Amino acid sequence: MQLKIYNTLSRKKEIFKPIKAGQVGIYSCGPTVYWYQHIGNLRSYISWDILKRVLMFDGFKVKHVINVTDVGHLTSDADTGEDKMEKAVKREGKTAKEISNHYFESFKEDFKKLNIIEPDFWPKATEHIKEQIELIKVLEKKGYTYRTSDGIYFDTSKFKKYGRLARLDVENLKAGKRIDIGEKKNKTDFALWKFSEEVGVRQQEWKSQWGIGFPGWHLECSAMSMKYLGETFDIHTGGQEHIPVHHTNEIAQSEAATGKKFVNYWIHAAWLLFKGEKVSKSKGGLYTISELEEKGFNPLEFRYLCLTTNYRKPLNFTLENLEAAKNSYQRLKNIISEIKDDQKINKEYLKDFGEAINDDLNTPDALQVLWKIARDEGTEGKIGAIKKMDDVFGLELLKRDEIKVPKEVQKLLDERETARTSKNWKKADEIREKIKRLGYSLDDTKDGVIARKIN
């Protein structure tokens, strides 16, 4: 099977062809670790986890990198405002390292809860200052940089293909209404290195040949992706908000430095919406995974909700939608739990699944195939096929949920076990019926008795 994926660079679906046969390099824009990640952020990482699992399903060996932004990301996402990490330092009264470590660990805990496979590398911006400085030196030597009073900037007018990812009309941008661009030569120019306004005030600053300061946000992704994946690599992922500025600038500085194509496939996820607008502090819907757990939801129920809509389409989030996803997910697990394993794999259903999921990660259609095989009472190899499908979905469909039964039911379970041990089958059956009337079914397996709540 061949994966067809929508490439933002070409604005069309393309058959994926790796640079090296059987191997894929993926770089995903990672978290800025100054606060907890919300479910809008996490939807994107679920999408990239599906991408990674599909590639593995197709037989590829995947090398995955997710950066950790612990310096340089200003509040404007461009070159103005306060560094988000320094702002967190003032808010919490801790060191930048303490703050970044805390929120990074929280982020990784969310990965575990959502059953997202961790990347092979988690490079931190603060641990790759040398690589970022070296990249600026290359750009400076090639004539792409200039100095202002607040930093070293990339001159976008020198890079002729600037803006092609976002299809920016650079000429009209220049001709548009005048705005204050300070000392920048062009509206689209961006900072490679920012000088400290007052040396010694910031917690995070480094010496460089241009002056004491810190790297620009865009620079870190170019420096670290090329270090771990090479000057040209297969796939770069991110949210749709990264297209016009962050990813556009990554391409410019990377290709200006190397003279080579930076990335072959750019893949972007659409936003999670709340009341028709992107989830945000002002609009609402900005839940964390922990907050959803407090409301009685399993993180995998949120993962299931995300799979009901293609990653390139906006997903409307409400607690009512999540409740519906919860019910569907639990119903699916209950159906699968009743299927007996015949040690076979249904290749026809697996083929249908593969065709759906390889069509630009079409999770909704692939889910339909899963539901169809789960409900098909006249077919063989169901569990074998479902296991392979769930290797992609990551929903832990075959994992037995631990059920905490009431003390009354537990007492009857113990009595039944005593009856079974003494081979008093009649009494054991009578106790089973009592337990059933209390709302629980029993499944006697080789690993013991499993009690399930009857829906």
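Is Lys 194 buried or exposed? Lys 194 is buried, at a relative accessible area of 10%, where buried stands for under 20%, exposed for over 50% and partly exposed for what falls in between (1.4 Å probe, protein chains only). The model is predicted, so local features need pLDDT of at least 70 and side-chain atom pairs count only at pLDDT 80 or more, while totals for chains, interfaces and linings use all residues. Residues are numbered from 1 along each chain as its sequence is written, and side-chain values use heavy atoms, with hydrogens and water left out.

Lys 194 forms a salt bridge with Asp 150, their closest N and O atoms being 3.0 Å apart; the term covers a side-chain nitrogen of Lys or Arg within 4 Å of a carboxyl oxygen of Asp or Glu. Asp 150 lies in the loop between strand 5 (145-148) and strand 6 (151-154) and Lys 194 in strand 7 (residues 190-195), so the pair ties together parts that are 44 residues apart in sequence. Helices (H or I, at least four residues) and strands (E, at least two) are DSSP runs, numbered from the N terminus. Asp 150 is partly exposed, with a relative accessible area of 29%.

Side chains of opposite charge can pair when their charged atoms come close. The structure holds 19 salt bridges. One of them joins Lys 227 to Glu 131 at 2.9 Å, N to O. Since Lys 227 belongs to helix 6 (residues 217-229) and Glu 131 to helix 4 (residues 129-141), the pair ties together parts that are 96 residues apart in sequence. Both residues are partly exposed: Lys 227 has a relative accessible area of 45%, and Glu 131 has 24% relative accessibility. Another salt bridge links the side chains of Glu 92 and Arg 91, at 2.6 Å from N to O. Glu 92 is partly exposed at 22%, and Arg 91 is partly exposed at 42%.

Helix 3 (residues 96-113) contains Ser 100. Ser 100 is buried, with a relative accessible area of 6%. A polar atom of the Ser 100 side chain lies 3.0 Å from the backbone oxygen of Lys 97. Leaving aside residues up to four places away in sequence, Ser 100 touches Val 33, Asp 70 and Met 85, contact being heavy atoms within 4.5 Å.

Among the strands, an open sheet of three has the order 12-11-13, with mixed pairing. Its edge strands are strand 12 (277-278) and strand 13 (315-316), each of which pairs on one side only. Two strands pair if DSSP finds at least two bridges between them. Strand 11 (residues 272-274) and strand 12 run antiparallel and are joined by two bridges. Leu 273 has Lys 278 of strand 12 as its bridge partner.

A cavity is a set of points on a 1 Å grid over the protein atoms alone where a 1.4 Å probe fits but cannot get out, and lining residues have an atom within 4 Å of a point. There are three cavities of 30 Å³ or more. The largest has a volume of about 80 Å³, and its lining includes Arg 43, Ile 46, Cys 306 and Tyr 311. Helix 1 (39-57) and helix 9 (299-307) are the elements that give two or more residues to this lining. Helix 1 gives the most, with four residues.

Key
Polar contact = N/O pair within 3.5 Å; in protein donor to acceptor, adjacent residues only side chain to side chain. 1 Å grid on protein atoms, 1.4 Å probe; cavity = no way out; pocket = protein on both sides within 12 Å on 5 of 7 lines; lining within 4 Å. Points joined across faces, edges and corners; volume = space filled by probe spheres on them.
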